[in-house]
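Please have the sequence and the structure open while reading.

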Amino acid sequence: MPTLILVRHGRSTANTSGVLAGRTPGVALDERGVQQAAALPGRLAGLPLVAAVSSPLQRCRETLRPLLDARPGLPLHTEDRISECDYGDWSGRELAELSDEPLMSVVQQHPSSAAFPGGESMRAMQARAVDAVREWNARIGTEHGDGAVYVMCSHGDIIKSLVADALGMHLDLFQRVQADPCSVTAIRYTRLRPFLLRLGDTGDLGSLAPREQALGADADVDAETGAASDAAVGGGAGAP
């Protein structure tokens, strides 16, 4: 089976403003996100990519544009099932405000039972994304062989849920996974099991440095490291 290179979109204007974008149209990469996208072709230069698959949302298409420009023959496919989670009535709201919602604790501690008002459940989000990857694996394998490598640009919660599936983790544990903007996660699929080859690789270790969190006043923060134990819904903005 093929190797899947999962790329989270570059940092967006919603990430830096602390807003849960969801599927809100017109959310673009910010200046840092544009720089991250520009660096992506160099980071993936050693990989013989056979195809690119993108979420339909603008920030993902903008992230892949430099890669496609650098590889004119690389075909691009749009896949609706790897679009951002439908956060429904939460879309467009500030994360600091959402931290006071009772549902937020469910999203953090028991996401398999979380369903967003006017949107979808996190179980449904994971199921559609996993189905999409399985079908793309079969298609890429049939067209290019089992050793093929392809790239898929999606969103933080989608990527985290795919990693959970690859590791055989319950969805309730997926908030333990981190996927920063423009990070690369690689999964090699085989007949018997997937292998997680890279997780959230940003090309440097700067994102490991302690930093202030923008998760709301009630976020659980470790007194020694300054790191919040709550997961950033939607994926967060990454290192400053």
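Is Cys85 buried or exposed? Cys85 counts as buried, at 0% relative accessibility; buried means under 20% relative accessible area, exposed over 50%, and partly exposed in between, with a 1.4 Å probe and protein chains only.

## Basis of the report

This is a predicted model, in which local features need pLDDT of at least 70 and side-chain atom pairs count only at pLDDT 80 or more, while totals for chains, interfaces and linings use all residues. Residues are numbered from 1 along each chain as its sequence is written, and side-chain values use heavy atoms, with hydrogens and water left out.

## The sheet

Six strands form an open sheet with mixed pairing, in the order β3-β2-β4-β1-β5-β6. Strands (E, at least two residues) and helices (H or I, at least four) are DSSP runs numbered from the N terminus, and two strands pair if DSSP finds at least two bridges between them. At the edges lie β3 (76-78) and β6 (194-201), each of which pairs on one side only. From one strand to the next, the twist averages 20 degrees; angles run from 0 to 180 degrees between N-to-C directions, with axes fitted as lines to C-alpha atoms, for helices over the stretch in contact.

β2 (residues 49-54) pairs with β3 in the parallel sense over three bridges. Val53 has His77 in β3 as its bridge partner. Helix α3 (residues 58-70) packs on the sheet and touches β1 (3-8), β2, β3 and β4 (149-154), where contact means heavy atoms within 4.5 Å. The direction of α3 makes about 160 degrees with that of β2.

## Cysteines

A disulfide is a covalent bond between the sulfur atoms of two cysteines. With a cut-off of 2.5 Å between the sulfur atoms, a search of the whole structure finds zero disulfides. For Cys60, the closest cysteine sulfur is that of Cys153, at 3.9 Å, which is too far for a bond. Cys60 is also buried, with a relative accessible area of 0%.

Cys182 is found in the loop between α7 (156-167) and β5 (184-189). Although Cys182 is not a glycine, its phi is positive, at about 60 degrees. The relative accessible area of Cys182 is 1%, so this residue is buried.

## Confidence

The average pLDDT of the protein is 89, and 85% of the residues score at least 70; pLDDT is the predictor's confidence in each residue, from 0 to 100. Residues 213-219 have pLDDT below 50, and this stretch has 13 contacts in the model beyond near neighbours in sequence. Over residues 221-227 pLDDT stays under 50, with nine contacts beyond four places in sequence.
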